[in-house]
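Here is a short tour for someone meeting this structure for the first time. Have a look at the sequence and the model, then read on.

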Amino acid sequence: MASSVEHLRQAGGAQANVQHQQSAGAQPVNQAECDPIYRFKLLLPRLKESLVNLMKIAGTCLHHNSQQLEDTTSSVENQLQKFEKSLEEFYSMCDQVEISLRLALESSQLNADTVKFNPACVNIPNEKGELPSTQRLMQYPQYQAIVRQQIHTAKELHDLLLQFSQKITAAKT
């Protein structure tokens, strides 16, 4: 009974924590949505809590099953349901952490590709209308020219592949 009360307290605390995070303002929510590493850092303590809770419930189940007391079907089923619920919560947290880390890896790879194929950043005026003064930046018209060239090359490649496929189908008939 004490463990179920403690479990309810932990669940209530977790709900209050989530409500506090939701009511905390738009900045942390936006940062968590945009940055997968930040989201991972937020999920890590919750994952730890979930694992601790899972181990407590598993230990309680093991202790209960090791004692050769009267085993009522309802108490065994109740313990099993608590364990399964805790295990599902833990797996859910693991899945969220995995998604966050995969997104971080994808973002990192995308950034590496961007640096490789477009080594200079685009120089766009800030809200004050001033241009940043960094040597690596390119002007927006230069960036537009690069994009136009890439689009033109992609269209040429598309046309070549289309012609090739038409020649293959014509040769088969």
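## Ground rules

Buried means under 20% relative accessible area, exposed means over 50%, and partly exposed is in between (1.4 Å probe, protein chains only). This is a predicted model, where local features need pLDDT of at least 70, side-chain atom pairs count only at pLDDT 80 or more, and totals for chains, interfaces and linings use all residues. Residues are numbered from 1 along each chain as its sequence is written, and side-chain values use heavy atoms, with hydrogens and water left out.

## A serine tucked away

Let's start with Ser86, which sits in helix α4, residues 73–117 (helices are DSSP runs of H or I with at least four residues, numbered from the N terminus). Ser86 counts as buried because its relative accessibility is 2%.

What does Ser86 touch, not counting residues up to four places away in sequence? The answer is Ser50, Asn53, Leu54 and Ile57, where contact means heavy atoms within 4.5 Å.

## One ring pair

Rings of Phe, Tyr and Trp (its six-membered ring) pair if their centres lie within 6.5 Å; planes under 30 degrees apart are stacked, over 60 edge-to-face, and the rest tilted. That rule gives one aromatic pair. The rings of Phe90 and Tyr91 have centres 6.2 Å apart and planes at 45 degrees, so this pair is tilted. Phe90 is buried at 16% relative accessible area, while Tyr91, at 44%, is partly exposed.

## Cysteines

A disulfide here is a pair of cysteine sulfur atoms within 2.5 Å, and the count is zero. Cys61 is buried at 12% relative accessibility; Cys94, at 26%, is partly exposed.

Methods. Helices (H or I, at least four residues) and strands (E, at least two) are DSSP runs, numbered from the N terminus.
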